[in-house]
Amino acid sequence: MNVLKVSRWTIAAFVLPCLLLYVGLVFAPIIVSFYNATLNWNGIGVAKHVGLDNFHRMFTNDSVFWPSVRRTFMLAGFSMLVQLPLALFVAILISRFVRRPNFLVSSYFMPVILSVAVIGQLWKTIYNPASQGGMINQILIKLGLGSWTHAWLSEPKVAIYAIIVIGLWQYLGYHILIQFTGIQNIPADIYEAAKIDGAEGFKADRYITLPMIVPIFKISVVLSFIGSLQSFDLIMVTTAGGPAHATDVLASHMYNISILSQKYGYGSAIACFLVVVCLAATVVINLLFNRIEKRYN
């Protein structure tokens, strides 16, 4: 019993510093942000306590806020409904038909390790008008589809979809790697047993691969959703939220309010809303996937 007690205290001694560091770097700033959200403050001068006025203004009087929320969820929706199923499909094809898949998976992963500034400049060049060497518009013109050409990053109704395409391309390899690793960890004996019972090919994927990869797919969903809610760098590099706030998302709107407009208290209110949405989404996704896992188990 004494040995057990010593062991527990030893574990606590090693865990406590990391726990305190985590609390100090994660939870303390969140608490401070919630407090700052109750202030009318430019981040430098004297702060004035205004209670929940910033939240009231955010929900009722900010013409950019709700459209930015909609665009943020658009990013998340396209990521989960297009990017993740495509990544899973590609991962299954690679694991099934490619004998030495590491190089191919690494090739898909290359855009993930590129700087966002490089990716933004690359795609701005691709989206340029045909007269400026824009690849997409030149291809459309050569195919006789000149009416389909656009100023992809300058038209308010088109720009957000152009950015979504960039995000899907950039992080596709990230999710391919995650899901391919999950598929590789499924024991080969299970597939051999299923083959004896007549289940092979995509039928085996339906009854073996998909149920067993659910926990890994959940990780992709959580990372994809939270990453979409926190989208900022790609927006700022490509359009900076323009034209006319047509590509503003929550993170970029928070930056514009807090830094450019120097309304730090109001920007903190937007940040708090973003934190709450991230936490709520994580809880909902975990509950949903727990039910799915119980169903297959």
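Predicted model: local features only at pLDDT ≥ 70, side-chain atom pairs only at ≥ 80, totals over all residues.
Q: Which residues make the contact between H5 and H7?
A: H5 supplies Val116, Ile119, Leu122 and Trp123. H7 supplies Val165, Ile166, Trp169 and Gln170.

Q: What classes of residue make up the contact of H5 with H7?
A: There are 7 nonpolar residues, 1 polar residue and no charged ones.

Q: What makes H8 and H9 roughly antiparallel?
A: The axes of H8 (residues 188-196) and H9 (residues 202-212) cross at roughly 155°. The cut-off is over 145 degrees. The angle passes it, so H8 and H9 count as roughly antiparallel. Their axes come within 10 Å, and H8 passes H9 in a right-handed crossing.

Q: Where do H8 and H9 meet?
A: Ile190, Tyr191 and Ala194 of H8 touch Ala204, Ile208, Thr209 and Met212 of H9. By class, this contact holds 6 nonpolar residues, 1 polar residue and no charged ones.

Q: Why is Pro243 called partly exposed?
A: Its relative accessibility is 23%. Buried means under 20%, and exposed means over 50%. Pro243 lies between these limits, so partly exposed is the label.

Q: Where is Pro243, and which residues does Pro243 contact?
A: Pro243 sits in the loop between H11 (233-238) and H12 (250-260). Leaving aside neighbours within four places in sequence, its contacts are Leu153, Ser154, Glu155, Pro156 and Ala159. Pro243 and Lys157 are 86 residues apart in sequence, with 9.6 Å from C-alpha to C-alpha.

Q: Which residues touch the most other members of the largest nonpolar core?
A: They are Met58, Phe225, Leu250 and Phe273, in a core of 39 residues. The elements giving two or more residues are H2 (53-60), H3 (65-97), H7, H10 (214-229), H12 and H13 (264-296). H13 gives the most, with 11 residues.

Q: What does Phe273 touch?
A: Beyond four places in sequence, Phe273 touches Met58, Phe59, Phe65, Val69 and Leu250.

Q: How many residues are in the second, separate core?
A: That core has 20 residues, including Leu140, Val158, Ile160 and Ile163.

How values were computed:
Residues numbered from 1 in each chain as written. Heavy atoms only, no water. Contact = heavy atoms within 4.5 Å. Helix = DSSP H or I, 4+ residues; strand = E, 2+ residues; numbered from the N terminus. Nonpolar A, V, L, I, M, F, W, Y, C, P; charged D, E, K, R; others polar. Buried < 20%, exposed > 50% of the residue type's maximum accessible area, 1.4 Å probe, protein only. Axes fitted to C-alpha atoms, helices over the stretch in contact; angles between N-to-C directions. Parallel < 35°, antiparallel > 145°, perpendicular 65-115°, else oblique. Left-handed = near helix turned anticlockwise from the far one by under 90°. Core = buried A, V, L, I, M, F, W, Y, C linked by side-chain atoms within 4.5 Å.
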